[in-house]
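Work through the exercises below with the coordinates open.

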Amino acid sequence: MAIERTAAGMEENLKKALVEMLVLALLHQREYYAPELTQALTEYSGGAVNVSFPYSILYRMIEQEYIQEMPKRKAPDGRRRQYYGITHAGRRYFQENWAVYKSFTAGVDRLVEAVCPNDAQEDE
């Protein structure tokens, strides 16, 4: 059985690989509640990152001790919400992953620009 490879499939794989890092990046700024976090991911990414169900990501990151549940409080919409904040371990994890991401994407850019200079500049 052949594996179908599509741009949409690549996008989904990238999202899975990067969403934890992006959540941690947002939590550097301030605490968020889940629906607000998904909205911020979409807005700050210019629509490139959409997460429809963030709870599995949040629960996994709590289990890994990268984030923690903060006391519930009233959100701007007036409802009582569960907020999430980044831990010290989460900040370290983000920094490590951010360094790997920057190094990896810089290497990918160098490779593609070196071997496909015309194709690499098509989108510019």
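**Exercise 1. Characterise the second largest pocket by volume, lining and residue class.**

Step 1. The volume of the second largest pocket is about 180 Å³. A pocket is an open set of points on a 1 Å grid over the protein atoms alone, where a 1.4 Å probe fits, with protein on both sides within 12 Å along at least five of seven lines. Grid points are joined across faces, edges and corners, and the volume is the space filled by probe spheres set on the points.

Step 2. List the lining, meaning residues with an atom within 4 Å of a point. For the second largest pocket it comprises Lys15, Lys16, Val19, Asn50, Val51, Ser52, Phe53, Ser56, Ile57 and Arg60. Two or more of these residues come from each of α1 and α3. Helices (H or I, at least four residues) and strands (E, at least two) are DSSP runs, numbered from the N terminus.

Step 3. Sort by class: four are nonpolar, three polar and three charged. Ala, Val, Leu, Ile, Met, Phe, Trp, Tyr, Cys and Pro count as nonpolar, Asp, Glu, Lys and Arg as charged, and the others, Gly among them, as polar.

A note on the model: it is predicted, local features need pLDDT of at least 70, side-chain atom pairs count only at pLDDT 80 or more, and totals for chains, interfaces and linings use all residues. Residues are numbered from 1 along each chain as its sequence is written, and side-chain values use heavy atoms, with hydrogens and water left out.

**Exercise 2. Describe how α1 packs on α2 and on α3.**

Step 1. Two packed helices are described by the angle between their axes and the distance between the axes. Axes are lines fitted to C-alpha atoms, for helices over the stretch in contact, and angles run from 0 to 180 degrees between N-to-C directions.

Step 2. For α1 and α2, the angle is about 100° and the axes are 11 Å apart. Helix α1 is therefore roughly perpendicular to α2 (65 to 115 degrees). In contact (heavy atoms within 4.5 Å) are Val19, Leu22, Val23, Leu26 and Gln29 of α1 with Leu37, Ala40, Leu41 and Tyr44 of α2. Eight of these residues are nonpolar, one is polar and none is charged.

Step 3. For α1 (residues 7-29) and α3, the axes come within 11 Å and cross at roughly 75°. This pair is also roughly perpendicular. Val19, Glu20, Val23 and Leu24 of α1 meet Ile57, Leu58, Arg60 and Met61 of α3. Here six are nonpolar, none polar and two charged.

**Exercise 3. Is Glu36 buried or exposed? And Glu65?**

Step 1. Glu36 sits in helix α2 (residues 34-44). Its relative accessibility is 14%, so Glu36 is buried (under 20%; exposed is over 50%, with a 1.4 Å probe and protein chains only). Beyond four places in sequence, Glu36 touches Arg30, Glu31 and Tyr83.

Step 2. Glu65 is in the loop between α3 (55-63) and β2 (67-69). With a relative accessible area of 57%, Glu65 is exposed. Its phi is near 65°, a positive value in a non-glycine residue. Beyond four places in sequence, Glu65 contacts Thr87, Ala89 and Gly90.

Conventions
Parallel < 35°, antiparallel > 145°, perpendicular 65-115°, else oblique.
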